[in-house]
Amino acid sequence: ALAIGASVAGDASSLPAAAAGGSLTLAWTPGRLRVEVDARLWASQSQTLPGANAGARFSMTSVGGRGCWAALRAGGLELSPCAGADVHILSAPGYGADTNFPADGAWTALTGGGLARFELTSWLALRGRAEAALPLARPTFVVLNEGPLHKPALIGAAGSFGIEVLFL
């Protein structure tokens, strides 16, 4: 079976402050296995150094893939542990300094968590996912001659809640 989903998403650790965004998911579910890819667009946010006018405007897009196993199925409820990886692509053009540079960064994070789904009808389901992330790199964003502005957390957390349309 195939499924296409749309969700509201949250990330607590990749940007300077907790971020909200949207997610689109495409899933293939042969039996109890679930393979899905998703793309997430996060709301932009600004961060300014304390006591200075210099900072940056952070914008991030994430793409990822994961595999899940339907460990529990009861009625229309399905609970699945999942493992995967995400790539975060971040742009942070500077402002307020004598010289401002466009800063970009990208990193991969390994993810692990769980997916809960509840089938409302044969073609529509609610879905929620929560996971922890371990970034394999943590780029530091710096205001030149001022100091560090942001670095992603050592261990992250993200989640989403939405609907999916089921095909086949």
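Cys68 and Cys82 are both buried, where buried stands for a relative accessible area under 20%, exposed for over 50% and partly exposed for what lies in between, using a 1.4 Å probe and protein chains only. The model is a predicted one, in which local features need pLDDT of at least 70 and side-chain atom pairs count only at pLDDT 80 or more, while totals for chains, interfaces and linings use all residues. Residues are numbered from 1 along each chain as its sequence is written, and side-chain values use heavy atoms, with hydrogens and water left out.

A disulfide, here a pair of cysteine sulfur atoms within 2.5 Å, joins Cys68 to Cys82 with an S to S distance of 2.1 Å. The structure holds 1 disulfide. Because Cys68 belongs to strand S5 and Cys82 to strand S7, the bond ties together parts that are 14 residues apart in sequence. The torsion about the S-S bond of Cys68 and Cys82 is about 110°, so this disulfide is right-handed.

Stepping back to the whole chain, 0 helices and 12 strands are found; helices (H or I, at least four residues) and strands (E, at least two) are DSSP runs, numbered from the N terminus. The C-alpha atoms fill a box of roughly 60 × 25 × 20 Å along the principal axes. Of the 168 residues, 37% count as buried. The chain exposes about 8400 Å², and carbon and sulfur atoms supply 67% of this area, as computed by the Shrake-Rupley method with a 1.4 Å probe, where for residues only the protein chains shown count as cover. Among contacts (heavy atoms within 4.5 Å) with a separation of 6 or more, residues 24 or more positions apart account for 58%.

Strand S7 (residues 77-95) pairs with S8 in the antiparallel sense over 17 bridges, and Ile89 has Ala106 in S8 as its bridge partner. S7 and S8 form a hairpin with 6 residues between them, and Gly96 in that turn has a positive phi of about 80°. On to the next strand, S8 pairs with S9 (residues 124-135), again in the antiparallel sense, over 11 bridges.

Leaving out residues up to four places away in sequence, Arg117 touches several others, including Gly76, Leu77, Glu78 and Leu166.

Glu164, in turn, lies in strand S12 (residues 156-167). Its relative accessibility is 1%, so Glu164 is buried. The side chain of Glu164 also makes polar contacts with Arg34 at 2.7 Å and with Arg127 at 3.2 Å. Beyond four places in sequence, the contacts of Glu164 include Ala3, Ile4, Gly5 and Trp123. The C-alpha atoms of Glu164 and Glu119 are 9.2 Å apart, although 45 residues separate them along the chain.

Rings of Phe, Tyr and Trp (its six-membered ring) pair if their centres lie within 6.5 Å; planes under 30 degrees apart are stacked, over 60 edge-to-face and the rest tilted. By this rule there is 1 aromatic pair. The ring centres of Phe58 and Phe141 are 5.6 Å apart and their planes stand at 85°, so the pair is edge-to-face. Phe58 in S5 (residues 55-69) and Phe141 in strand S10 (residues 141-143) are 83 residues apart, so distant parts of the chain are linked. Phe58 is buried at 0%, and Phe141 is buried at 6% relative accessibility.

Ser62 is also placed in S5, and is buried with 0% relative accessibility. Apart from residues up to four places away in sequence, Ser62 touches Asp38, Ala39, Arg40, Trp42, Val87 and His88.

Terms used: Pairing = 2+ DSSP bridges. Polar contact = N/O pair within 3.5 Å; in protein donor to acceptor, adjacent residues only side chain to side chain.
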